[in-house]
Structures are given as C-alpha cells and as structure tokens.
Amino acid sequence: MDQLEKQIFETARKLFQDSAGCHDFDHTLRVAANAEKLLAVLPEADPEIVRLAVLLHDCARAEEDASGGKVDHAALGAVKAREILLQAKVAPFLADRVASAIARHRFRGKLFPQSIEEMIVYDADKLDSLGAVGVGRAFHFAGKFGARVHNTRAEALAGEPYGKEDTAFREYLVKLRHVPEKMLTKPGRALATQRLQFMTDFFAELEKECASQN
C-alpha cells in the first residue's frame, strides 16, 4: 500500500466508523479483499484505480439509507470521492477515473461499468452480498427496518422495500440469486456462482424449517 492509499485508507476508516453494519468499514475491507483476488488474475487492470475506488465506493451510503433509498449513493459517492481525492492532491485524471468507477458500481444503477477497473470494483462489491457473509448482511439489513425473520415467497415478492415483508428471503429472491449472471468478469462470475450455492441451500433449509407455520 503506497502513501496515497494509506491516506485514503485512514480517511475511509474515519468516514465509516459510525456506519451501519451492512456498509461499514468491515464491508469495505471485505470488498478490498475480493478486489485483490480479481486483480491477481486480471493483471491488465490498474490496481491504484481499483483500490482507491473500493475504499470510497460507499462514501455516500449513509445519505441513501437516510433517504429510504431515494438518494443514489453511487452518483453522490462519485462526487464526494472526487472531492476527497482532489483535497488529497490526487491528479484530476486519476480522481476522475476513481469517481467513474464509484458512479458505476451500483447493482441497480443507471450507469454500466465500462473499463476493466470499473468491472472489478463492481464485481468485488457484489461478491460481498453472497455466501455466508451475504446471508448475514441480508438479515442485518432486514432487521434495521423491522422485517420478519422469514415469509413465504408470495409475501416476499409482494412486499415493499424497507417494510415488514422486506425480509432477507425477499432480498435473495428479488436480487441476490441473480447476481452471478450480472457479474462482469470471468473470475468474478466463478466466485459468485460458488457463493450463491451456499445461499441457495441456506434459504431452502429456512423454507423447510418454517413450512409448518404457513
């Protein structure tokens, strides 16, 4: 880690110290670890762009959560991250590349990743929504809004975001089971497929255990 990355690392640590568990600094560190796995097999990518973007990719997540999803944290985050980088005396060209990667990392975003660096940031972030960590994060997020532990498929699919029926199971049905097909790099897709299998098995078992209540 060079001096610039260390500086932004500390900025990110302070920025996320009071963040909710789903998008706290631990999440940032896991995404960074995912990114390193992808960088190791995609040597054509510029690691500095990827590492800086990963550290700041959720810098506007608090604003999105506070707005109930009305604020696009990727779009706002790109603006905030560029300001942070320019204040750190980063060259405008590099700040622009990092900001672009952040603007394009959202699963439901309107901007699609173009460069290999943007694809790596996108994939690294999505990998943290799958597997055992993904199950934990889905329940953590659902609990923030008082959602049920589990509901039927019909209830989940008919439920509204940020409501009682916005369960971890709903997140799996609506979004998470489709993540592997949305991955943009070959190694990212392979890792996502492996992690999804654990999640699929988990929710199948949860459905079975809760079947008697329905």
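Arg-137 is found in helix α8. The model described here is a predicted one.

Helix α8 comprises 14 residues, 131–144. At 1.5 Å a residue the helix should span 20 Å, and its end C-alpha atoms are 20 Å apart, which agrees. The buried residues of α8 are Gly-131, Gly-134, Val-135, Arg-137, Ala-138, Phe-141 and Ala-142. Seen down the axis of α8, these buried residues fall within an arc of 170 degrees, so they line one face of the helix. They pack against α2, α4, α10 and α12. After α8 comes Gly-146, whose phi is positive, near 70 degrees.

Is Arg-137 buried or exposed? Its relative accessibility is 13%, and because buried means under 20%, Arg-137 counts as buried. A polar atom of the Arg-137 side chain lies 3.1 Å from the backbone oxygen of Asp-128.

The table lists the contacts of two residues, leaving aside neighbours within four places in sequence.

| Residue | Residues in contact |
|---|---|
| Arg-137 | Cys-22, His-23, His-27, Arg-30, Asp-128, Ser-129 |
| Leu-85 | Ile-8, Leu-52, Leu-56, Val-90, Ala-95, Val-98 |

Leu-85 belongs to the largest nonpolar core, which has 36 residues. Within this core, Ile-8, Leu-85, Val-98 and Ile-120 touch the most other members. Two or more residues are given to this core by each of α1, α2, α3, α5, α6 and α7. A second, separate core has 18 residues, among them Val-135, Leu-176, Val-179 and Leu-196. Val-135 is also one of the buried residues of α8.

Definitions and conventions:
Residues are numbered from 1 along each chain as its sequence is written. This is a predicted model: local features need pLDDT of at least 70, side-chain atom pairs count only at pLDDT 80 or more; totals for chains, interfaces and linings use all residues. Side-chain values use heavy atoms; hydrogens and water are left out. Helices (H or I, at least four residues) and strands (E, at least two) are DSSP runs, numbered from the N terminus. The expected span of a helix is 1.5 Å times one less than its number of residues. Buried means under 20% relative accessible area, exposed over 50%, partly exposed in between (1.4 Å probe, protein chains only). The arc is that of the directions from the helix axis to the C-beta atoms. Contact means heavy atoms within 4.5 Å. A nonpolar core is a set of buried Ala, Val, Leu, Ile, Met, Phe, Trp, Tyr and Cys residues joined through side-chain atoms within 4.5 Å. A polar contact is a pair of N or O atoms within 3.5 Å; within protein, one must be able to donate a hydrogen and the other to accept it, and residues adjacent in sequence count only if both atoms are side-chain atoms.
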